[in-house]
Amino acid sequence: MSNNASSAIDRLFTALPLADAMAVLRPTTFRTEAIHVKSIEAPPEILAGLWLYVDDLEHSHTLAQALDPPTGAWWHAIVHRREGDFWNSKYWYRRVGDHPAMQSLQGFNPSEFVDAAEAANGNPEDLIELQRKEWKVLFDWCLTQTST
């Protein structure tokens, strides 16, 4: 990935730290920080994650559905969970299979997470933190794959 893309991503993360990103389970609007993502030229795996980061599910979905499994399936699963399309999210999680990054989420059960998100009233902090952790693990893995 280019230095320009890395700098643009850094600017986004400065404007919207992870502790503030993805603060709801089912966003209804995207964040104003999405303006930063529009200027980033990066591989689609990275951009799919960045659009999720700013709650722009439509842009993320468009990219995720064009990506190969298992990474595309994982981004796709997250998009559908955040849209509230829970059965479809579970379908895409099953398509993820044995993704190498999933090992970093020991004890993570995607189906249980989807069920918990569906049953949640509001935005319980434990689910928001798990949402952020899942995003970070997959995003960081994508960064390592695109930097080689």
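**Exercise 1. Decide whether A34 is buried or exposed, and find what it touches.**

Step 1. In this predicted model, A34 has a relative accessible area of 1%. The cut-off for buried is under 20%, so A34 is buried.

Step 2. Now place the residue: A34 belongs to helix α2, which covers residues 34-38.

Step 3. Leave out residues up to four places away in sequence, and the residues that A34 touches are W51 and V54.

Step 4. For a sense of distance, take A34 and E112. They are 78 residues apart in sequence, and their C-alpha atoms are 30 Å apart in space.

**Exercise 2. Work out where E33 lies and whether it is buried or exposed.**

Step 1. E33 sits in the loop between α1 and α2.

Step 2. Its relative accessibility is 14%. Because buried means under 20%, E33 counts as buried.

Step 3. With neighbours within four places in sequence set aside, E33 is in contact with L12, A15, L16 and V54.

**Exercise 3. Find how many residues of α3 are buried, and what covers them.**

Step 1. Go through the helix: I46, L47, A48, G49, L50, W51, L52 and Y53 are its buried residues.

Step 2. That is 8 of the 10 residues in α3, so the helix is mostly covered.

Step 3. The cover over these buried residues includes α1, α2, α4 (57-64), α5 and α8.

**Exercise 4. Describe how α3 packs with α5.**

Step 1. Two packed helices are described by the angle between their axes and the distance between the axes. For α3 and α5, the angle is about 15° and the axes are 10 Å apart.

Step 2. Angles under 35 degrees count as roughly parallel, and therefore α3 and α5 are roughly parallel to each other.

Step 3. Their crossing is left-handed.

Step 4. On the α3 side, the contact is made by E45, A48, G49 and L52; on the α5 side, by T71, W75, I78, V79 and R82.

Step 5. Sorted by class, the residues of this contact are 5 nonpolar, 2 polar and 2 charged.

**Exercise 5. Check what α8 reaches from its first C-alpha to its last, and which of its residues are buried.**

Step 1. Helix α8 runs over residues 125-146 and has 22 residues.

Step 2. From first C-alpha to last it reaches 31 Å, close to the 32 Å expected at 1.5 Å a residue.

Step 3. The buried residues in α8 are L127, I128, Q131, R132, E134, W135, V137, L138, F139, C142 and T146.

Step 4. To finish, find their partners: the buried residues of α8 pack against α1 (3-15), α3 (44-53), α5 (71-83), α6 (86-96) and α7 (110-119).

Terms used. Residues numbered from 1 in each chain as written. Predicted model: local features only at pLDDT ≥ 70, side-chain atom pairs only at ≥ 80, totals over all residues. Heavy atoms only, no water. Helix = DSSP H or I, 4+ residues; strand = E, 2+ residues; numbered from the N terminus. Expected span 1.5 Å × (residues − 1). Buried < 20%, exposed > 50% of the residue type's maximum accessible area, 1.4 Å probe, protein only. Contact = heavy atoms within 4.5 Å. Axes fitted to C-alpha atoms, helices over the stretch in contact; angles between N-to-C directions. Parallel < 35°, antiparallel > 145°, perpendicular 65-115°, else oblique. Left-handed = near helix turned anticlockwise from the far one by under 90°. Nonpolar A, V, L, I, M, F, W, Y, C, P; charged D, E, K, R; others polar.
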